[in-house]
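Please keep the model in view while reading.

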Amino acid sequence: MLEVRGLSFSYGGAPVLGNVSFSLGPGEPTALLGPNGAGKSTLFGCILGFLKPRGGEILLDGRPISAYSKRELARELAYIPQSHSPAFNYTVLDCVLMGMTGALSPLAAPGREQTDRAMEILKSLGMEKLAPRGCRECSGGERQLMLLARALAQDAKILVMDEPTANLDYGNRCRVMERVARLGADGYTVLFSTHEPNQAFRYAARVLALRNGGILADGPTDTVLTQQVLTALYGVRVAVREVEAGGRTYRVCVEEAD
Amino acid sequence: MEAEGRYRRLFWLLGIGAAVIFFGSFLVGRYAVAPGKTACILADALLRGVSGGRLGLSPFWQSAERAVVVNVRLPRVFAAALVGAALSAAGVSYQGMFRNPMVSPDLLGASTGAGFGAALSIYFGFSYFGITLAAFLFGLGAVLLAYLVSRASRLESALSMVLAGVMIGSLFTSGTSLIKLVADTENQLPAITYWLMGSLSSVGARDVKFIFWPIAAGLVPLLLLRWRVNLLTLPEAEAASMGVDTKRLRAAVILCATLMTAASVSVSGMIGWVGLVIPHFARMLFGYDYRRLLPASALMGAAFLMVVDDLARVLTTSEIPLGILTSFVGAPLFIWLILTGGSERHA
């Protein structure tokens, strides 16, 4: 259980986040929406412990994250960055193994047991064939799935993803988000930021809408993500419609022409 | 996995090759000593050393032959192996830490600091050993200075470290130039110039004993930490989110690499290229994982410098400084590497 209480933050000047409160639990993949500069990355930075909040607190199972050591925090929280541009061409397997480092003692290296588990995780994502391949030779989608595998190898229950599909083509977006949504159903606590409201409609059970460093809306996607909220969030006129496909109804949004 | 087996075979091959080069280096030089005799002399020296002089072979060699093998070549071959291993291991660690394969182990000023220390002590007429000690201490001091400056800076840590290193390095280079300017041109200036070119020709047993401990003190922790060095190649926030204390790890790697570099340079003078080129070849053969890359680099560096030092001994009648030879050998290799894209090929 992740709880953010009255969080505020500034880089020295005007506050970037002011009095942000929410809590996250397992089983409801949550999309973090908000225009550029709304404070999404700052919020992630605070949750992951890279940035020290100026006010408020962040609790993990009731204990402030500042009281966790880096190793302890890594066991609870895994971070998936927007993209991976490695300086060296490590194999996919090596990259996944790196996720297990926090659980090892300082002088230890991953051995047979860890390798087997990494292969299992890759298999569960349908990527076992890619294990010996250099990560630079992987497509953007494969690399993002590799980061997902690395986060799973870390064995943390909370996954924080900073625009996990920002650099991917449409097909890869769908494939990666499909996995993300499935992890949410498997009991992980998933928080992902996105600039694509339709991803929230499709894959998130819950939406956190952030604007000007404060929370504009928070709740189940179906009730919270309305025409009014989207219009207020992005400053463009948005229409929300229902679309039927394959016997199911989906909500989608389109921007309206003036 | 099959890849693992291949790496293991390759490693054995490399180890055997290095051992052959090590022994072969005793046979190279102006004064010829037969291989069998050399082996017996070495075995005798080892026995005497281990038993405190109570055991040994009955000598069937001349004392001049023993002197050449034990007093001249033994320290020299050891020094070449130690320095080569140290510079390559330091280089490959720095490259990972700065996420840049073009980085060499003197990036933070270790060699330029050592060069200044050596020049200064030659100018003041220190003994040979005094020069070595001063070079070592100034090498350490230069990196410490760069590290402290970067700690005080508000820039991102890798960037501020590189900038501070470059500045400190250029400061010491200027200092060395100034000493050369005021040094007496009969003795001191040639001595400084020759020292800076890098050579192992005057290395003795005392030097080897002097550099052994700092190099061991750097290499052993690095080898123990080598899996974690992989994580320094990731953006800092990512590595930290995986539970790695990047600040402490980085400081430990810098300390180890600096100990090795400063110790090496203090007896060998400036030897470029080894710490830059060898890691590239190690990556081509062993891939990017530091679990293999670090020991492979050390072993290849040792083998490489032993070979180059052998060449330095025999190519011409008067010895060519090692620093010049490593450039002559290293630069073309590097160009070839760039043209063929060797290090990009996946191992």
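Two residues are in contact if their C-beta atoms, placed from the backbone, lie within 7 Å. The model discussed here is predicted.

**Contact between the chains**

By that criterion, 25 residues of chain A are in contact with 22 residues of chain B. On the chain A side, the elements that give two or more residues are α2 (70-76), β6 (77-80) and α3 (92-98). Of these, α2(A) gives the most, with four residues. The chain A side divides into 15 nonpolar, six polar and four charged residues.

**Chain A as a whole**

Chain A has nine helices and twelve strands. Its radius of gyration is 19 Å, close to the 18 Å that the globule rule gives for 258 residues, so chain A is as compact as a globular protein of that length. Along the principal axes, its C-alpha atoms fill a box of roughly 60 × 45 × 30 Å. Of the 258 residues, 43% count as buried. Among contacts in chain A with a separation of 6 or more, 63% join residues 24 or more positions apart.

**Strand pairing in chain A**

Strands of a sheet pair through backbone hydrogen bonds, either parallel or antiparallel. Chain A shows both senses, as the pairs below set out.

| Strand pair | Sense | Bridges | A facing pair |
|---|---|---|---|
| β3(A) and β9(A) | parallel | four bridges | A:Ala31 and A:Val207 |
| β9(A) and β10(A) | antiparallel | six bridges | A:Leu208 and A:Asp218 |

Strand β9(A) has two partners in the table. It pairs with β3(A) in the parallel sense and with β10(A) in the antiparallel sense. β9(A) is mostly covered: five of its six residues are buried.

**Turns and positive phi**

Most residues other than glycine have a negative phi, and most peptide bonds are trans. Which value does phi of A:Asn212 take? It is near 50°, a positive value in a residue other than glycine. A:Asn212 lies in the loop between β9 (206-211) and β10 (214-220) of chain A. These strands form a hairpin with two residues between them. A:Asn212 is partly exposed, with 14 other C-beta atoms within 10 Å.

A:Glu163 also has a positive phi, near 40°. This residue sits in the loop between β7 (158-161) and α6 (170-185) of chain A. Is A:Glu163 buried or exposed? A residue is buried if 20 or more other C-beta atoms lie within 10 Å of its own. A:Glu163 has 21 such neighbours, so it counts as buried.

The hairpin of β11(A) and β12(A) likewise has two residues between its strands. There A:Gly246 takes a positive phi near 55°.

**A buried tyrosine**

A:Tyr203 lies in helix α7 (residues 197-203) of chain A. With 24 other C-beta atoms within 10 Å, A:Tyr203 is buried. Leaving aside neighbours within four places in sequence, A:Tyr203 is in contact with A:Pro29, A:Met177, A:Val180 and A:Ala181. A:Arg179 is 24 residues away along the chain, and its C-alpha atom is separated from that of A:Tyr203 by 9.8 Å.

In soluble globular proteins, nonpolar side chains tend to be buried together. Here the largest nonpolar core has 180 residues. Those with the most contacts inside it are A:Val96, A:Ala149, A:Val160, B:Ala86, B:Ala89 and B:Met260. Helix α3 (residues 63-97) of chain B gives the most to this core, with 18 residues.

What does B:Ala86 touch, beyond residues up to four places away in sequence? The list is B:Ile215, B:Gly218, B:Leu219, B:Met260, B:Thr261, B:Ala263 and B:Ser264.

Helix α13 (residues 290-314) of chain B has 25 residues and, at 1.5 Å a residue, should span 36 Å. Its end C-alpha atoms are 35 Å apart, which agrees. 20 of the 25 residues of α13(B) are buried, so this helix is largely enclosed by the rest of the structure.

Terms used. Residues numbered from 1 in each chain as written. Chains lettered and ligands numbered in written order. Predicted model: local features only at pLDDT ≥ 70, side-chain atom pairs only at ≥ 80, totals over all residues. Expected span 1.5 Å × (residues − 1). Buried ≥ 20, exposed ≤ 12 C-beta atoms within 10 Å, placed from the backbone. Core = buried A, V, L, I, M, F, W, Y, C linked by C-beta atoms within 7 Å. Nonpolar A, V, L, I, M, F, W, Y, C, P; charged D, E, K, R; others polar. Rg over C-alpha atoms; globule rule 2.2 N^0.38 Å. Pairing = 2+ DSSP bridges.
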